Amino acid sequence: MADKQISLPAKLINGGIAALIGVTCVFPIDLTKTRLQNQQNGSRIYASMSDCLIKTIRSEGFCGMYRGAAVNLTLVTPEKAIKLAANDFFRHQLSTLQKLTLVREMLAGCGAGTCQVIVTTPMEMLKIQLQDAGRIEAQRKLIGQHAGGGRAKVNVVQLKSLTALQLSRDLLKDKGITGLYKGLGATLLRDVPFSIIYFPLFANLNSVGRRNADGSAPFCISFLAGCFAGCAAAVAVNPVDVVKTRLQSLARGCHEDIYSGVKDCISKILHHEGPSALLKGSYCRALVIAPLFGIAQVVYFLGVGEFVLSLLPGQKC
């Protein structure tokens, strides 16, 4: 039997649906990751992931765990569409004349990671401000209590509750398009290595073991391959994710460092907090990535995208 042909439109639909479901499920953990990565020595509010979640619910309610989710849900579909389409495009181009070697797979992943930052950078720029607002406000209140109830001076750009749209307008008005693309270099340093690691690792793990009658991998193999490859890539690039998160944060609490760039950020983190600070939120990031790719494999296995396309006029099931 001929190998099963994978439709790119179906893949994009599957990726988009998986991203929407995945983000909804794991967003509270992603919010926790951002807050843990941003807190510096001398301004610690949260001791762990569970402590952060509990304190967030107590102070901000259940909806507080989903601050910034709207912008993520809006932009995650085009982000995944660009990433998947770019990876498929580069893999096809690199395999037309020669066999697709590991190096060529890594180059395809590099191209996919480079293309996706067009959407990823502004998406995360907005998301981080909304996610971290609660931490800054909690720190301000804590310092105010310690100061005898007086209002503590905190270096904060935005403490009031803003929507992503209002924040976008303010950034565009004050800094132009570069305001939304602050941290672009750090985002590239994170997403390019992530894709270089993830796509080849998943493809090779997914090829291990027995095959189905149509030549595809069994669901359990694809599921485990997606989870493992995603976790491995996420943990590997976590130090750069910490740097990116800090650079993209416009708000700073009392006594927290301000960074002028990637090099300055790494230098200050190592000097003031030690190498272990670059691993902050790594287990949270792994807990976010594994379900995302696990859910993606479930959606692919169920063929949701293929079903949607089959409902359109002129499309075959």
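The structure is a predicted model, in which local features need pLDDT of at least 70 and side-chain atom pairs count only at pLDDT 80 or more, whereas totals for chains, interfaces and linings use all residues. Residues are numbered from 1 along each chain as its sequence is written, and side-chain values use heavy atoms, with hydrogens and water left out.

F223 is likewise partly exposed, with a relative accessible area of 30%. F219 and F223 are 4 residues apart in helix α8 (residues 219–236), and are therefore separated by about one helical turn; helices here are DSSP runs (H or I, at least four residues), numbered from the N terminus. The structure holds 9 aromatic pairs, a pair being two rings of Phe, Tyr or Trp (its six-membered ring) whose centres lie within 6.5 Å, with planes under 30 degrees apart counted as stacked, over 60 as edge-to-face and the rest as tilted. F219 and F223 form a tilted pair, at 5.8 Å centre to centre and with 40° between the planes. The rings of Y198 and F199, by contrast, have centres 5.3 Å apart and planes at 70°, so this pair is edge-to-face. Both Y198 and F199 are buried, and they belong to one aromatic cluster together with F194, F202 and F293.

Helix α7 (residues 184–206) has 23 residues, which at 1.5 Å a residue should span 33 Å, and the 32 Å between its end C-alpha atoms agrees with this value; the expected span is taken as 1.5 Å times one less than the number of residues. The buried residues of α7 include F194, Y198, F199 and F202, and among the others are R190, D191, V192 and S195. D191, V192 and S195 are touched by G113 when residues up to four places away in sequence are not counted, contact meaning heavy atoms within 4.5 Å. G113 lies in helix α4 (residues 102–146) and is buried, with a relative accessible area of 0%. The C-alpha atoms of G113 and I82, which are 31 residues apart along the chain, are separated by 9.2 Å.

E79, placed in helix α3 (residues 69–95), is buried as well, with a relative accessible area of 5%. With residues up to four places away in sequence again left out, E79 touches Q116, V119, T120 and M123.

Helix α1 (residues 8–38) and helix α2 (residues 49–60) pack at an angle of about 105°, with their axes 10 Å apart, where axes are lines fitted to C-alpha atoms over the stretch in contact and angles run from 0 to 180 degrees between N-to-C directions. This makes α1 roughly perpendicular to α2. In this contact, P28, I29, L31, T32, R35 and L36 of α1 meet M49, C52, L53, T56 and E60 of α2. The 12 residues of α2 reach 16 Å from the first C-alpha to the last, close to the 16 Å expected at 1.5 Å a residue. The buried residues of α2 are M49, D51, C52, L53 and T56, and what covers them includes α1 and α11 (282–302). Just after α2, G61 takes a positive phi of about 80°.

Conventions: Helices (H or I, at least four residues) and strands (E, at least two) are DSSP runs, numbered from the N terminus. Buried means under 20% relative accessible area, exposed over 50%, partly exposed in between (1.4 Å probe, protein chains only). Angles under 35 degrees count as roughly parallel, over 145 as roughly antiparallel, 65 to 115 as roughly perpendicular and the rest as oblique.
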